[in-house]
Amino acid sequence: MKKSPIRIVTLVALAAFAFAFSFILPAAQQKPAHKVFISVDMEGISGIVHGDQTTPGTAEYAAGRKWMAQDVNAAVEGALEAGATEVVVNDSHGSMRNIDPDDIHPRAILISGSPKPLSMMQGIDASFAVCLLIGYHAKAGTEDAILDHTISGSVVRAIRVNGAELPELGLNAAIAGYYGVPVVLVSGDTAVCRQAGEVLGKNVVTVAVKEAYGRLAAKLVPMGEARRLIKAGVKDALGKLGRIKPFKIASPYNFELGYHVSAQADMAAMLTEVKRVDARTVAFTADDFILGFRKLRALIALAPAR
Ligand SMILES: [Zn+2]
């Protein structure tokens, strides 16, 4: 069928109007395509208070991994409702095979298994707009914090980068920052929420899903309410895009690794580039944060059990 000249003129006018209007709309009202990266640990998941709930082979593990999927799915829903175009979820606890792929939100892409070069941050790159840390926990040696530890409970006493002791959330935020991606939300107990503010600044959105009495007991936010808070927190955080800057540590990097026992440091000190600081502590330097982080992971993973 032949198009009438009037119809063609109308179409051209409409196209010109739409083109012009796209410049008039303020940037905030446009919905830019953005990708969201989620790293999900287990100790800070709603309902979790004990290692039995985070360890395969125990009676309670099936419940723990289900709660983990439900917390992360609440975050995925919040991200999608806030306009995310792609959501990648990295399973970041233990074997990193905790979330049953059948249980993850159908629109999320799951990264499963371990070891991975970037460990809890595998999959992140400069194409992501933001990073969310779900189910995180406080650093080793924190009082009133569910299952506090830093990377490995049996190996690590403390990790310092350029003199500052960091929880996992700080190390992982620095990896995101390396790629120019800000961490905009952290969920877990009240202790990790406090540490998120200390490391990342007051603009980071935190969602507390429990308040610990010691290391193995907590007052829990009701499960449905906890997931509603996570979803609302993610929507709030994605609405603040641009207000939270990527977390960057200035190069060069001095990594200091405090082990629990001297035998672990004995082994690390066999490497010529590793310096012995004291009986239980070693240090090394790196110009590139990612290369330094990878060496740190290897020194932790290869340490003999105490
Ligand atoms: Zn964990």
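Select helix 2 and helix 5: helix 2 passes helix 5 in a right-handed crossing. A crossing is right-handed if the near helix is turned clockwise from the far one by less than a right angle, and left-handed if anticlockwise. Helices (H or I, at least four residues) and strands (E, at least two) are DSSP runs, numbered from the N terminus.

This is a predicted model, in which local features need pLDDT of at least 70 and side-chain atom pairs count only at pLDDT 80 or more, while totals for chains, interfaces and linings use all residues. Residues are numbered from 1 along each chain as its sequence is written, and side-chain values use heavy atoms, with hydrogens and water left out.

Helix 2 and helix 5 (residues 223-238) pack at an angle of about 35°, and their axes are 8 Å apart. Axes are lines fitted to C-alpha atoms, for helices over the stretch in contact, and angles run from 0 to 180 degrees between N-to-C directions. Show side chains here: the residues of helix 2 that meet helix 5 include Trp 67, Ala 74 and Gly 78, and those of helix 5 include Met 223, Ile 230 and Leu 238. Contact means heavy atoms within 4.5 Å.

Seven of them form an open sheet in the order 3-2-1-4-7-8-9, with mixed pairing. Two strands pair if DSSP finds at least two bridges between them. At the edges are strand 3 (108-111) and strand 9 (218-220), each pairing on one side only. On average, neighbouring strands of this sheet are turned by 25° against each other, direction ignored.

Now bring helix 2 (residues 61-81) back: helix 2 packs on the sheet and touches strand 1, strand 2 (84-91), strand 3 and strand 4. Its direction makes about 160° with that of strand 2. Then select helix 4 (residues 190-200), which lies across strand 4, strand 7 (183-189) and strand 8 (205-212).

Zoom in on strand 1 (residues 34-40) and strand 4 (residues 130-136), which pair in the parallel sense over five bridges. Val 40 stands opposite Ile 134 in strand 4.

Glu 43 is buried, with a relative accessible area of 6%. Buried means under 20% relative accessible area, exposed over 50%, partly exposed in between (1.4 Å probe, protein chains only). Among the residues that Glu 43 touches are Ile 48, His 93 and Lys 210.

## Strand 12

Last, select strand 12 (residues 281-286), where five of six residues are buried. Strand 10 (residues 253-259) runs antiparallel to strand 12 and is joined to it by six bridges. A hairpin through two residues joins strand 11 to strand 12.

How values were computed
Lists of a residue's contacts leave out its neighbours within four places in sequence.
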